[in-house]
Amino acid sequence: QKKKKKTKANVENGPILITHTGLSGPAILKMSSQFAFEFHELKYKIRLEIDWTGGLCHEHDIVKKFKEQKKLHPDRRVTKFCPIVDPDPENGKMLLPRRLWARVVTDALNAEESDSILWSQLTNADMRDIALNMVSFQVDTCGKSTHKDEFVTAGGVDLKQLTKHFETKTVPNLFCIGECTNVDGVTGGFNFTACWSSGWHAANRIVELLTAANNG
């Protein structure tokens with residue numbers, strides 16, 4: 001019997017932006033760039049595991065905080081606010097915004113309506129499930145962004161096949177620039193720069209060639 005090949009987990013740290021169409025932000029952009037080929041092979045259907053605490057809290061410590069909350073405020077609604085605060089004393093804010101916290105709770109308890117659940121109603125198993133959902137929230141993607149024109153493509157012409165002016169070595173007078181080349185930037189700004197810079201070099205070379213042909 002063939003052994004199943006283990007899938008290596010790719011890890012990235014950084015801020016995440018939740019949009020009306022999906023996930024974005026520095027961490028997502030860096031990951032989509034660094035693992036572009038892997039994501040393409042999987043048809044952009046992957047499972048993300050998100051630690052909403054950013055590595056600041058462990059599951060065991062979160063459960064302890066929940067038990068304290070249950071003891072101090074048994075009649076308070078669980079989704080009213082996140083009892084885990086930022087460990088930075090200068091901040092002191094809730095670690096998760098209320099809407100995100102409510103979603104974490106709802107998913108953990110498999111409840112359609114969690115807004116009425118009180119701390120006194122939570123079992124130890126419930127608190128462990130919520131804590132686990134905070135540090136390893138799972139999201140299954142269903143594809144890439146619908147903004148196809150803005151998506152960085154994987155692959156392209158190898159730079160070794162081009163001159164410093166981005167002219168192909170095998171076909172004279174054929175230039176490949178921007179995303180035609182196998183270059184990926186971490187975010188859009190780097191990719192714009194690559195497009196503009198390669199275009200500038202290619203254009204200067206084309207001017208040189210045309211000038212030489214006219215003078216000849």
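User: Leaving aside neighbours within four places in sequence, which residues is Ile130 in contact with?
Analyst: This is a predicted model, where local features need pLDDT of at least 70, side-chain atom pairs count only at pLDDT 80 or more, and totals for chains, interfaces and linings use all residues. Residues are numbered from 1 along each chain as its sequence is written, and side-chain values use heavy atoms, with hydrogens and water left out. Contact means heavy atoms within 4.5 Å. On that basis Ile130 touches Phe66, Trp101, Val104, Val105, Ala108, Leu109 and Leu122.

User: Which residues have the most contacts inside the largest nonpolar core?
Analyst: A nonpolar core is a set of buried Ala, Val, Leu, Ile, Met, Phe, Trp, Tyr and Cys residues joined through side-chain atoms within 4.5 Å. Buried means under 20% relative accessible area (1.4 Å probe, protein chains only). The largest such core has 27 residues. Those with the most contacts inside it are Phe66, Leu96, Trp101, Ile130 and Met134.

User: Which helix gives the most to this core?
Analyst: Helices are DSSP runs of H or I, at least four residues, numbered from the N terminus. Helix 3 (59–72), helix 4 (98–109) and helix 5 (124–135) each give two or more residues. The top contributor, with 6 residues, is helix 4.

User: How many residues are in the other core, apart from this one?
Analyst: Its members include Met31, Phe39, Ile46 and Leu48. The count is 7 residues.

User: What share of the 216 residues is buried?
Analyst: The under 20% cut-off applies here too. Across the protein, the buried share is 28%.

Terms used
Buried means under 20% relative accessible area, exposed over 50%, partly exposed in between (1.4 Å probe, protein chains only).
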